[in-house]
Structure formats: C-alpha cells, structure tokens
Amino acid sequence: MPIRWLPYALIAPAALFLGVLFVIPLVQTGALAFQVHDAWALGNFTRMTGDLNFADALRNSFQLVLVAVPVQLCLAMGMAMMLRHLQRGRAIVLWVWSIPLGISDLAAGLVWLTILTDQGYLNSVLFHLGVIAAPEGWLTYETPFALFMAVAIAEIWRATAIVLLILVAGVQMLPKEYGEAAAVFGASPWQAFTKVTLPLLRPSIQSALILRTVLAFEAFAVVMALGGRNFPVLVSEAYAWKHFNQDTGVAAAYALVIMAISVAATLVFLRLLRTPVEQQT
Amino acid sequence: MTKHPRTLLIVSAALLALAAPVRAQQSTVFLSSQLRPVESAQIMRTQILKGYAGKVEFVPEQPAELVVRLQAEKQAGKSTISLVAGVHGELQPLVPAGILTPLDDVAATLKARGFAPELLALGKFGTDHQLMIPWMQATYVMVANKKALPYLPAGADINALTYAQLADWGAALQKATGKRLLGFPAGPTGLMHRFFEGFLLPSYTGGVVTTFKSPEAIVAWTEFAALWKFVTPNSTNINFMQEPLLTGDVWVGFDHIARVIDALTKQPNDFVTFPAPAGPKGRGWMPVLVGLSIPTGAPDVAGAKALIDHLTLPATQIITASTVGFFPVTSAALPPDLSPGMTLAVSAVQKTGAAKDGIATLLPVGLGAKSGEFDKIFLDTFQRVVLRGEKPDAVLARQGAALQALMAETGAPCWRPDPVSAGACQVK
C-alpha cells in the first residue's frame, strides 16, 4: 500500500528551498519597493518613472526581446529541422551548436567586446580589407543602432542553443507516422512542416518562448559588457540604483516591474500557444 | 575504564595547544574604502603591510557600505573592526554618530613624522580632538601624450591651462588628426562626477552646491558641452584613463592619479602631466585625503595603533606612493632614484597643489549613504546637457530642485569652497 504522505515528503525539500530563497525575498522586495522612510508610499515608483533612464531602459528591454527572441526561435527551428535530416555526425553537430550554452553570460559579453571594441577583431578585419581607414566606434552613445545590434547579436549567439535543445527534444518525440502520412497524401516538405510538424511542436515552442522571453528581459552581463551606461535596460538600472545610487527602494521597484513584465509575457504565451483539449494526448 | 580520562586529557591538551597560537595571532581587522581594486588590495597585503609584525586582515569595502557596517556594529554593540581607512568626507558622518575614538595620543607620539599641518587639522573634523590620522593623499590630474604637445594653442602654458585653451587644443588635435582625442572617464565605474564636483563647477562658479544653478553654472555647462565636441565618444565607456592613454585612443585625458599611474610607469617617456584647467573663478581641484581612525569598541586598539605607526613610517609612505599612487602625508622625502613614471605622477600632484589660482574643493561631506544620489545629480545633468543636448538652464532648474531636496533630507552643511552654512547647504 503506498504511503499517502510520501509524495509530499519528497517534494517538501524543494518546496522549502523555493520558499526560503524565492518567496521570502519576493515579499521583502515588495515591501522595499512600496516603502519610503519606513512608511507605505509609492515614492519609489514615481522616482523610477521620473528618472531620465527609465523610458530608455523600458524601450531597450522590449526592443531586445522583440528582436532577439523571434530570431532565436526561427534560427533554432531551422537548426532543429536540419539536424533531423542528418544521417551521420548528428551528435557532434548538436554538441558544437550548444557550446554557447556552457559559456557564462559575462564571458560571452567579453568575447563580443573583444570583437567589437575599437581595437577589436571586427575593426582589424575591416581595416585589412580596406573597408575602413581608421577604427570605427560601434559601441558608443553616438552609434545607438550599431550598439543595439551588437547587444542583440551577442544575445542571439549566446542563447539560441537553449531554444534549440528544447525544440530538438520536442522533435524527437514526434511520431514518424504523421510525416509519412503527409508524404503519402502528396504534401510538399513545406506543407508537411507548417501543417504537421509546427502544430505538433506547439508545446515545445511554448516552453522555449516562455523561458527565452523571461531570460531576455533579465539580460544583464552581456548588456553591461557591451553597452555599459550607453544602453540601459531594466535590470542594469535596478543594479545601478542599488549599487551606484545606494537606493534599494527604487531598485526594488525596478525588480517588481521586471517581474510583472515576465509574468505577463508568460501568461500571454500560455494563452496564445495553448494546446486545445482535443489535441492533448 | 581508566583509559578514557587519559585520552580525554591528551585530546584536550592537543586542542589547547592548537588553539593557543591561533588566539595569540588573532588578526587586526582593517576595513578600508580605499585600495578596493583587486590589484591594489593585493599590493596592500603583500607590499605595504610586508614589514608589519602583527597579523592584519585587510578588508576593502564600498564607501557607503563601510559607513553602514560601522553604524550597524555600534548599534549591535559588537565590533569586529579595529582600524578603518576612508576619505575625509566618508569618515565625517561617523563623527556625529560618535563612532570614532580620539587619537590625540597617537598624533602626539607620531609628531616627529612631520604631518602636513592642514591635513592634520582636517583630521579633527572641526572638533577639539584628533579623530583621524592622515595616511595618504591623491588628486586628479591631466595627462597628455607628447604627440599632442605641438598642437597646444599658441601662448598657452600647459601648467596653467584654461578650459577655453583645452577646447582649442582639442579642436586643433581634431583638425590635425581627424580624430577626437580628448578623454574623460565617464564610463560606468569612472570618476566623471568628481570632475564636475571638484574641478569644472568650482572653476566657473567658485562653489558646488550653493552655485549649482547660478548663471555662472549655466556658462560652465554650455562651454563644457561645446568642449565635448572634441572628446572621444568612447569616453562613456572609459573607467580608467590609463587604458586609452596607452592604446593612443586618448591623447589628452583627465582622471584620478591612481587611474593613470599604469600609463605613466609603463611609458614614462610618452607622457607629460599637468594640473586640470582653470575657469573664470580659478583652478578648481579636489584633494583626496585618506585617513585612519579607530572605531569605538574596537577589539584590538593596540594592534590598530601599531598599524597606524607602520602605515605612516617614511619607508611605508614611500612604498605606498610608488605602488598605488597615493602620496605621502608626512615629510617623508621621496627618494631621488624614484622611477620616471612616479616622478611624473608626483610632479602633477605637487603642481596641482601649488597652483596660485587653486580652489581646493573637498569631497562631499556629511551625505553618508546619499553620496551616490548626490553624484547621480551631476551625472544626470551631464547626460542631459552634454550627451543629449538639452538646454542647460531648464536642466539645472530641475536637477537643482533634486539637489536642494537631497541637501534638505541629509541636512549636510556646506563644505569647501561653498561658504559655511548654519544648517543644510542651500542651492541658491
């Protein structure tokens, strides 16, 4: 006879761990954000929204997510489909593609910094090809578009692998029969992909999008390494308010804004990409 | 059964033997807001503290957190820190809180070291007691690549430069090379705010807080925004000026002496050093005095006093100067065989201090944990006026209100060169 309390006992350590290290800090952050001089007030939020970097940080964060996440999804989808058709060396290709996953955020940011800085590899190559006569600045406040592209490309390079791995796992679970049936009925490869594979991959796509969107809103080390103060995002502003301005209240307000956006994005994806009941197995 | 007590005895004896030396060698905890970079802290532990007989635990800490930690330890009634080092303005808030113990006996014992009288006076914080013993000093200087010297405006004396001449120099450099070669440390961890607080604004307005939105301040920001046209756009990524000086991206740069010292010692033949420029009111400059204090309830007062003695020894002062770029506060004569790079650094500090039109400006005093927000007001003004091109008068009105609110909240009285105030310093 199974012991009724055993499952609860087994999940208790994980629940306790999350409770101590997630729920308590969350409540404390909420309290910090809504308190000014130990009294309940909205002062931290008015300071945050009134700050000259707030609008920029909000815009940069959203732009980064809106550009990086769709590109990552398309790239990862293409890579997953290509892997499907590889006969030999599949494991090695997958391994190489997931290398960026093993590199820390900051290291990835520094790698791209050495490429894009004034004396970096990109300028050296362009100079030797005769494209430029003198070092070109890519990461300054005067080149916001190049700076944004640099951050976006670094973020795409770093985090496409996680989307790929989720999709590859999803693709592996697809029964072969559906594809074969589509071929029998004369579907072109594109039709088979859009009408059969893509709908069946919906749960994997949903997980990947939620994970990537939340993490892209939290992008920090890559942004700091490449953009510094020239490219404020929500997380870097939270850091600046805590670290440089020594105002934990405003930093906590930023943290709550980031959390609210992440929760909202997750709910949107859960709703938009939900698997209809009749399709659930 | 008789065996057990014997074993117990042997084990306890062994434990005691182990414990005794540990107790005797208990280290003196030395908390410092200075020499925080890993390289500097390492030099502190391996070179500056080398000849000291006792055991020291050197703990670098962010300035604001240093104050908070000392206040918390006092409130808790349990002190772990025996010696604390900080810049004059950082230690000042500890005075009204009663956290610093009088060191008049130490000052008397060390009289022969020959402390500069004005530095010793600063260590009293306006009280009757010596609460801080000067340890080392520094300031901010200009460094120029010798390649830039031919483009110096005609008739300009590099050691008595004005901001207008610096702008002309930058313009001439851009015309000749096609590149913007002036540099300021406006990166995320750069010290750009000190340039506004201690150099630009005192030079133009003769004050910092009181004159924040004066007509002279509007002129200062307008002219600086014009000068910025000749400043490398990489400045907002520069944290330590020595790096772009060494790569040649900057030919004329401003920074803390400790943040250019690498360039000076690595390539002493390539650079010259000189004081920051002067404005209509004079040559604003910011002396940085680092002092040593013993907090109340310090667990190892004797160790702390011995450490103060060691750190102010002539030999230690010279090692400190030649390794981390902080200069003697005593009459310790610098050795004649000083390296060329260090000679450049020392001469810059000396020329800055000796300038006839100098306006010495203290680091912010009495702001405590709000000093970060004080700096942000100047950096936000910079971002709006210089980087975004907003109108200075509107920006100064807005930032001036923020500054006034901050001063009212902290109640900090004015510090030099603003005139002495009765209560909180007021933005006029």
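Let's start with a pair of helices in chain A: helix α1 (residues 6-33) packs against α13(A) at an angle of about 120 degrees, and the two axes are 7 Å apart. This is a predicted model, so please read every value here as computed from it. At that angle, α1(A) and α13(A) are oblique to each other, because angles over 145 degrees would be needed to count as roughly antiparallel and 65 to 115 degrees as roughly perpendicular. The crossing of α1(A) past α13(A) is left-handed. On the α1(A) side, the residues that make the contact are T29(A), G30(A), L32(A) and A33(A). Facing them from α13(A) are T248(A), G249(A), A252(A), A253(A), A255(A) and L256(A). By class, the residues of this contact come out as six nonpolar, four polar and no charged.

The loop between α12 (234-243) and α13 (248-272) of chain A holds Q246(A). This residue is not a glycine, yet it has a positive phi of about 55 degrees. Is Q246(A) buried or exposed? It has 21 C-beta neighbours inside 10 Å and therefore counts as buried, since the cut-off for a buried residue is 20 or more.

H37(A) has 8 C-beta neighbours inside 10 Å, so it counts as exposed; Q246(A), by contrast, counts as buried.

Now step back to chain A as a whole. Its secondary structure consists of 13 helices and two strands. The C-alpha trace spans about 75 × 70 × 30 Å along its principal axes. Of the 281 residues in the chain, 30% are buried. If you take the contacts between residues at least 6 apart in sequence, 72% of them join residues at least 24 apart. F193(A) belongs to helix α9 (residues 189-200) of chain A. With 16 C-beta neighbours inside 10 Å, F193(A) counts as partly exposed.

Helix α3 (residues 54-85) and helix α10 (residues 202-217) have axes that come within 9 Å and cross at roughly 145 degrees. Here α3(A) passes α10(A) in a right-handed crossing, whereas α1(A) passes α13(A) in a left-handed one. From α3(A), the contact draws on S61(A), L64(A), V65(A), A68(A), V69(A), Q72(A) and L73(A). The α10(A) residues in it are A208(A), L209(A), R212(A), T213(A), A216(A) and F217(A). Together they divide into nine nonpolar, three polar and one charged.

Let's cross over to chain B by way of the contact between the chains. Chain A contributes 16 residues to it and chain B contributes 18 residues. On the side of chain A that touches chain B, the residues are five nonpolar, seven polar and four charged.

In chain B, look for a sheet. Five strands form an open sheet with mixed pairing, in the order β2-β1-β3-β10-β4. Its edge strands are β2 (56-60) and β4 (133-138) of chain B, each of which pairs on one side only. On average, neighbouring strands of the sheet are turned by 20 degrees against each other, direction ignored. Strand β1 (residues 28-32) of chain B pairs with β2(B) in the parallel sense over five bridges. Which residue of β2(B) is the bridge partner of L31(B)? The partner is V59(B). Lying across β1, β2, β3 (83-87), β4 and β10 (288-293) of chain B is helix α12 (residues 301-311), which runs at about 55 degrees to β1(B).

In the segment after α16 (392-410) of chain B you will find P417(B). The peptide bond joining R416(B) and P417(B) is cis, with omega about 5 degrees.

Definitions and conventions:
Residues numbered from 1 in each chain as written. Chains lettered and ligands numbered in written order. Predicted model: local features only at pLDDT ≥ 70, side-chain atom pairs only at ≥ 80, totals over all residues. Contact = placed C-beta atoms within 7 Å. Nonpolar A, V, L, I, M, F, W, Y, C, P; charged D, E, K, R; others polar. Helix = DSSP H or I, 4+ residues; strand = E, 2+ residues; numbered from the N terminus. Buried ≥ 20, exposed ≤ 12 C-beta atoms within 10 Å, placed from the backbone. Axes fitted to C-alpha atoms, helices over the stretch in contact; angles between N-to-C directions. Parallel < 35°, antiparallel > 145°, perpendicular 65-115°, else oblique. Left-handed = near helix turned anticlockwise from the far one by under 90°. Pairing = 2+ DSSP bridges.
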